[in-house]
Amino acid sequence: AYSTISHLGLITVLLGIGTPLSVVAAIFHTLNHAVFKASLFMAAGIIDHETGTRDMRILRGLYKAIPFTATLAIVASASMAGVPLLNGFLSKEMFFAETVHVGGTEHWWMSYAAVAMGIFSVAYSLRFISVFFGQLSASLPQAPHEPPRWMRFPVELLVLLCVIVGMLPELTVGPFLAFAAVSVLGEDIPAYNLGI
């Protein structure tokens, strides 16, 4: 939930920059955030369901017990962190590019603030996936195992979207982004490239 607040802050900053391209980046990151964060919230729900707790102080070593779910959560976390070839990378790249473009030499601090945001994003992504590594905790309320197939299916679908959008953005999310940008900015939307 704290990472959600951070990403909503990023989107607010993009809207605050106020250029047409920053608005497109805000819309794009809203779409990407919805995909990777929904999968992460559902993965957290699976962890809670399977272990009987959400207490990160005792959650560790879960990869051994729920390897498939752990892999899905790690990929979604990588997207949130902005790892290339995943959807989160593309909109964060637009964010970084726009802060460099708008900030220039006069407002150089915008680029530094963007990099700090990126560092925090990686840090809390690593903190989330830390529950999958190490020795399986002996103090869990119940012994975890993979969830039922249909409980995991929405996470699988969303993580697949993280990968497909990251690799083929123009074919997958491009038309939706263009439609959303036109609805906010009007017909005169700025030129942008979703290519990797």
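This is a predicted model: local features need pLDDT of at least 70, side-chain atom pairs count only at pLDDT 80 or more; totals for chains, interfaces and linings use all residues.

Reader: Why is α4 called roughly antiparallel to α5?

Author: The axes of helix α4 (residues 87-103) and α5 cross at roughly 160° and come within 8 Å. Axes are lines fitted to C-alpha atoms, for helices over the stretch in contact, and angles run from 0 to 180 degrees between N-to-C directions. Under 35 degrees counts as roughly parallel, over 145 as roughly antiparallel, 65 to 115 as roughly perpendicular, and the rest as oblique. So α4 ends up roughly antiparallel to α5. Helices here are DSSP runs (H or I, at least four residues), numbered from the N terminus.

Reader: Which residues of α4 meet α5?

Author: On the α4 side they include F95, F96 and V100, and among their partners in α5 are A114, V115 and M117; contact means heavy atoms within 4.5 Å. By class, this contact of α4 with α5 has eight nonpolar, five polar and one charged residues. Ala, Val, Leu, Ile, Met, Phe, Trp, Tyr, Cys and Pro count as nonpolar, Asp, Glu, Lys and Arg as charged, and the others, Gly among them, as polar.

Reader: And what makes α2 and α8 oblique?

Author: The axes of α2 and helix α8 (residues 174-185) cross at roughly 130° and come within 10 Å. That angle puts the pair in the oblique class, therefore α2 and α8 are oblique to each other. P20, V23, V24, I27, F28 and L31 in α2 meet L177, A180, A181, V184 and L185 in α8. By class, that contact of α2 with α8 has 11 nonpolar, no polar and no charged residues.

Reader: What makes a set of residues a nonpolar core?

Author: A nonpolar core is a set of buried Ala, Val, Leu, Ile, Met, Phe, Trp, Tyr and Cys residues joined through side-chain atoms within 4.5 Å. The largest one has 24 residues, and I47, L59, L62, F128, V131 and F132 have the most contacts inside it. α2 (20-51), α3 (67-81), α5 (109-129) and α6 (149-167) each supply at least two of its residues, and α2 gives the most, with six. A second, separate core of 20 residues includes I11, M94, V165 and A181.

Reader: How do you know that T69 counts as buried?

Author: Buried means under 20% relative accessible area, exposed over 50%, partly exposed in between (1.4 Å probe, protein chains only). T69 has 1% relative accessibility, so T69 counts as buried. T69 lies in helix α3 and touches I46, E146, P147 and R152, not counting residues up to four places away in sequence.

Reader: Why does N87 count as buried?

Author: N87 has 1% relative accessibility, so N87 counts as buried. N87 sits in helix α4; leaving aside neighbours within four places in sequence, its contacts include N32, F36, C162 and V165.

Reader: Why is L85 called partly exposed?

Author: L85 has 40% relative accessibility, so L85 counts as partly exposed. L85 is in the loop between α3 and α4, and its phi is near 75°, a positive value in a residue other than glycine. Most residues other than glycine have a negative phi.

Definitions and conventions: Residues are numbered from 1 along each chain as its sequence is written. Side-chain values use heavy atoms; hydrogens and water are left out.
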